[in-house]
Amino acid sequence: MKLIGLIGSGSSTAYAPVIIWDRVEHYAKEEQLVVVDDSRRSMRFLGVLRLIRRYEPFLDSRKRTSYVDNPDLVETGTLPHSSGYVSIIGVISENGVVEPQLPPNPGSKVYVVESPTDLSLELGGGLVIGVHKYSGIEIPLDPRGIPYHIGVVGATGTGKSRLVKAFIDEVLAKTNYNIIVFDHTGMDYSVFYKDNVVEGSRTVLDISLITDMILYRTGLNRNTYEPYIMVSLLSYIYNYIREKHPELLQELIGSSSGGRQKTLVPKTPSFQEFLNKIDYSRLQEILAEKNIVWDITSFKEQLIRTLQNMRARDSSKIRLGIALDVYLGKQFFESLNKRDMLPRDIVGYAGNNRLVVVDLSTEDLEARRYIVSSVINELWRIIEEKREPINTLVVIDEAHNYACRSCGVSHRAITRIAREGRKWGLGVLLATQRIIDIDPEIRGNINTWLFSKLQTPGDFNELKGYMDLSGISENTLAILGKREFFVAGLMNPLRIPILIKVRTVE
Ligand SMILES: Nc1ncnc2c1ncn2[C@@H]1O[C@H](COP(=O)(O)OP(=O)(O)OP(=O)(O)O)[C@@H](O)[C@H]1O
């Protein structure tokens, strides 16, 4: 440890002013860990050096001095000195770092911690994703904070995904949590966990979502066109199943069982009967099992028949035909093919392998949100069935796309985890560049934050609203380098936000 100065007068249990020795001024940097040796009381305080300022008694910009008339006076000499504050973490004891009861005495010596061998701290075993930037001391994150949710915020390129990768590895190695990662770009996690990737494009989408996707892409008026599109999709499925798997139609309308009926040749239900009685959960299962084939030509034929049956106007037929060819095209219908997984398969995969990474990169935003929400809903279904903790962490990258107030189904699903997940061992980790876009209700339930240089000016004030930042200023964040994050909140083993350098993740 290196002696850098003395505690000045006016300290409290939270902050203590430091008079920095001029000779070693260059050793004193903001965010360094320091030990304050209060030898008169045989106490050692641990703290972080913050708000370092350089002063000169006569060069006071608010007072009129002779320098105003004679600037050359500086040549005769000045008396500069540095001072700063120690944000006090606690008192070092055999049981770790405990809350301070008294402020440090003026005159106590202040030492910077230069290496992990300088100080042994009992911070407990936890998730080590990096070390304190200057001292190199490991800062283990308390895993009990996982179901109280985690936020990772930083401007683009600060190293959020690498940090989250380090976090995932530690959770897998040191806890019994399973992890479901939603990889928005398909480039951040899928590349690291190639053996655990499931393509989001294999997930069966439901009819109302496909209808929404068509309406969104074509820009058609929902009130007019939603019924035509929905009925056309259902009649396409009905005809497909009637042709390829007629036996399943009875099952879909819930009348395949019953002792006496089994001996009779079942009557093929009409489309109307199918519409009235269809079991949509079973339909999803059949779509996954039977891999229904979609193609634009057959769908268009079906659409025309449906529009005729529904007595649509000729102009509606023309509009829909054009929209289908111009805005959707062959590709859209091809993207509906080869979908053989249900949300329960994704959750099951995580259960069997501890980790699943869902690559969402090829999906429409609406489909991505649907997949996120349906997987979360499946987790809740299991919780409701078993009434026991599920010990699962859901990781959502680029979370502003899923947890914003206008994000629809995914917003509702994430809100439920944020509000109720802790009771059931269900945590969510949201990584984003823009905290301001995460719904305040979700933000308010996040109890651990890891934050770096921020992208949006309002984000700093948002963070300040949720936690005591103990003297960290927006300027401190602005000069942080890549991989440098503050850890604050429940999982932080220390009482105040602490600056870590994330370990190398390659
Ligand atoms: N812990 C790390 N170990 C090694 N390299 C890192 C680490 N963190 C960041 N990097 C480097 O910085 C680059 C950007 O990191 P990363 O993709 O994690 O940033 P990001 O904050 O997630 O960015 P974006 O918001 O654009 O996704 C990486 O490609 C890598 O080269």
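The report below begins with some ground rules and then visits the ligand, the disulfide and several individual residues.

## Ground rules

This is a predicted model, in which local features need pLDDT of at least 70, side-chain atom pairs count only at pLDDT 80 or more, and totals for chains, interfaces and linings use all residues. Residues are numbered from 1 along each chain as its sequence is written, and side-chain values use heavy atoms, with hydrogens and water left out.

## Around the ligand

Let us start with the ligand. There are 16 residues around it, and those that come nearest are Thr 156, Lys 160, Ser 161, Arg 503 and Val 505. Here, a residue is near a molecule or strand if one of its heavy atoms lies within 4 Å of it. Helix α2, residues 160-174, supplies the largest share of this shell, with three residues. Helices (H or I, at least four residues) and strands (E, at least two) are DSSP runs, numbered from the N terminus.

Which atoms approach the oxygen atoms of the ligand? With Gly 157, a backbone N or O atom is involved, at 3.0 Å from an oxygen atom of the ligand. On its own the ligand has 620 Å² of accessible area, and the protein covers 76% of that. Such areas come from the Shrake-Rupley method with a 1.4 Å probe; for residues, only the protein chains shown count as cover.

And where does the ligand sit? Its place is the second largest pocket. On a 1 Å grid over the protein atoms alone, a pocket is an open set of points where a 1.4 Å probe fits, with protein on both sides within 12 Å along at least five of seven lines. A molecule sits in a pocket if more than half of its atoms lie within 2 Å of its grid points.

## The disulfide

A disulfide is a covalent bond between the sulfur atoms of two cysteines. For the search, the cut-off is a pair of cysteine sulfur atoms within 2.5 Å. How many does a search of the whole structure find? It finds one. The partners are Cys 404 and Cys 407, with 1.9 Å from S to S. The torsion about their S-S bond is about 100 degrees, so this disulfide is right-handed.

Are Cys 404 and Cys 407 buried or exposed? Both are buried. Buried means under 20% relative accessible area, exposed means over 50%, and partly exposed is in between (1.4 Å probe, protein chains only).

The loop between β13 (392-396) and α13 (409-420) holds Asn 401. Asn 401 has a relative accessible area of 16%, so it is buried.

## Residues in helices and strands

Val 171 belongs to helix α2, and at 0% relative accessibility Val 171 counts as buried. Val 171 lies 11 Å from Arg 144, C-alpha to C-alpha, and the two are 27 residues apart in sequence. Helix α4, residues 222-244, contains Tyr 228. Tyr 228 is buried too, because its relative accessibility is 13%. The C-alpha atoms of Tyr 228 and Ile 376 are separated by 30 Å, and the two residues are 148 apart along the chain.

Thr 448 is part of strand β15, residues 448-451, and is buried, with a relative accessible area of 0%. A polar atom of the Thr 448 side chain lies 3.1 Å from the backbone nitrogen of Met 491.

## Positive phi and a loop

Glu 31 is found in the loop between β2 (15-20) and β3 (33-38) and is buried, at 3% relative accessible area. Trp 21 is also placed in the loop between β2 and β3, but counts as partly exposed at 30% relative accessibility.

Leu 51 has a positive phi as well, near 50 degrees. This residue lies in strand β4, residues 43-55, and is partly exposed, with a relative accessible area of 29%.

Terms used. Polar contact = N/O pair within 3.5 Å; in protein donor to acceptor, adjacent residues only side chain to side chain. 1 Å grid on protein atoms, 1.4 Å probe; cavity = no way out; pocket = protein on both sides within 12 Å on 5 of 7 lines; lining within 4 Å.
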